[in-house]
Amino acid sequence: MLTSQRKQYLLDILQRHGQIQAKMVSQELGLSEDTIRRDLRELAAEGKLQRVHGGALPASAAIGDFTQRQNVATTGKAAIAQMAAHMIEPGQIVLLDGGTTAVQIARSLPPGLQATIVTHSPSVAVELVHHAGIEVVMIGGRLFKHSVVNVGASAIEAMARIRADIFFMGVTGVHAEAGLSTGDLEETYVKRALMARAAETFVLASEEKLNAASAYVIAKVRDVAGVIVNREADGAALAGLKAAGVNLVLA
């Protein structure tokens with residue numbers, strides 16, 4: 001089997017089963033695991049999968065920059081945002097992550113809601129400028145232009161002074177075994193710091209993020225209070241999360 005044929009075979013397995021186990025594929029094809037691992041490395045470098053211990057998972061489709069992500073899963077993100085917005089109770093202190101779904105939450109807040117939104121996203125803060133009942137607390141730091149969020153040591157230090165009721169967290173990958181992940185290491189530390197400052201954390205998970213993985217792990221799926229997903233999302237992915245003990249909030 002030619003290299004190009006092997007790679008396509010691996011991608012077909014990934015599409016059918018949602019994962020690749022290098023040892024099983026090597027036995028099936030009568031090839032060494034080193035050969036299969038080399039193919040997986042090359043496919044990962046091309047952005048076609050995410051390598052994990054023992055094999056590979058689908059690469060997240062949500063790793064583009066903020067502008068690119070604005071046009072991905074727009075209907076699902078709107079439904080998730082509406083659900084999240086209505087989970088906020090008057091008087092609460094809410095941590096709102098960056099990202100396109102978080103911006104949609106800001107747009108979806110009821111006009112009469114009075115609450116405090118703490119965010120490290122300039123995009124979210126700007127959306128809330130004209131909301132009379134929302135007090136906006138902006139966390140500063142170095143602007144990570146890819147995701148349009150503030151990151152760095154100063155941002156994490158500022159978060160340590162906050163106790164919030166709820167945190168709505170954006171991710172690029174949600175997988176029952178590989179956990180919650182994102183594509184940037186510094187963002188991972190910021191998200192973990194925000195989780196630590198909230199009584200509850202809910203993940204915003206549009207369909208393209210389910211059963212996918214990115215390079216940097218934020219937490220296990222069981223470490224959050226729930227995952228907000230579109231009710232039309234892939235049934236197998238939802239079943240896997242439910243079996244892992246995840247509280248699914250269907251939007």
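User: Is Lys7 buried or exposed?
Analyst: This is a predicted model, in which local features need pLDDT of at least 70 and side-chain atom pairs count only at pLDDT 80 or more, while totals for chains, interfaces and linings use all residues. Residues are numbered from 1 along each chain as its sequence is written, and side-chain values use heavy atoms, with hydrogens and water left out. A residue is called buried under 20% relative accessible area, exposed over 50% and partly exposed in between, taking a 1.4 Å probe and protein chains only. Lys7 has a relative accessible area of 15%, so Lys7 is buried.

User: With which residue does Lys7 form a salt bridge in which the closest N and O atoms are 3.8 Å apart?
Analyst: A salt bridge here is a side-chain nitrogen of Lys or Arg within 4 Å of a carboxyl oxygen of Asp or Glu, and for Lys7 the closest N and O atoms of the pair are 3.8 Å apart. Lys7 lies in helix H1 and its partner in the loop between H3 and E2, so the pair ties together parts that are 39 residues apart in sequence. That partner counts as partly exposed at 44% relative accessibility, and the residue is Glu46.

User: Which residues are linked with Lys7 in a network of salt bridges?
Analyst: The structure holds nine salt bridges. Some of them join up, and the network that includes Lys7 also takes in Glu42, Glu46 and Lys48.

User: Which residues of H3 are buried, and why do they line one face of the helix?
Analyst: Helices (H or I, at least four residues) and strands (E, at least two) are DSSP runs, numbered from the N terminus. Seen down the axis of H3, the buried residues fall within an arc of 135°, taken from the directions from the helix axis to the C-beta atoms, so they line one face of the helix. What covers them includes helix H1, strand E1, helix H2, strand E2 and strand E3. The buried residues are Thr35, Ile36, Asp39, Leu40 and Leu43.

User: How far apart are the end C-alpha atoms of helix H3?
Analyst: The expected span of a helix is 1.5 Å times one less than its number of residues. For the 13 residues of helix H3, residues 33-45, that rule gives 18 Å, and the value found in the model agrees, the end C-alpha atoms being apart by 18 Å.

User: In what order do the three strands form an open sheet?
Analyst: Two strands pair if DSSP finds at least two bridges between them, and E1 and E3 pair in the antiparallel sense over two bridges. E1 and E2 stand at the edges, each with a single partner strand, so one side of each is left without a neighbour in the sheet. The order is therefore E1-E3-E2.

User: Which residues is Ser26 in contact with, leaving aside its neighbours within four places in sequence?
Analyst: Ser26 has its place in helix H2, and with a relative accessible area of 5% Ser26 is buried. Contact means heavy atoms within 4.5 Å, and on that basis Ser26 touches Leu31, Ser32, Glu33 and Ile36.

User: Which residue forms a salt bridge with Arg107?
Analyst: The closest N and O atoms of this pair are 3.1 Å apart. Arg107 lies in helix H6 and the partner in helix H7, residues 122-127, so the pair ties together parts that are 20 residues apart in sequence. The partner is partly exposed, with a relative accessible area of 31%, and the residue is Glu127.
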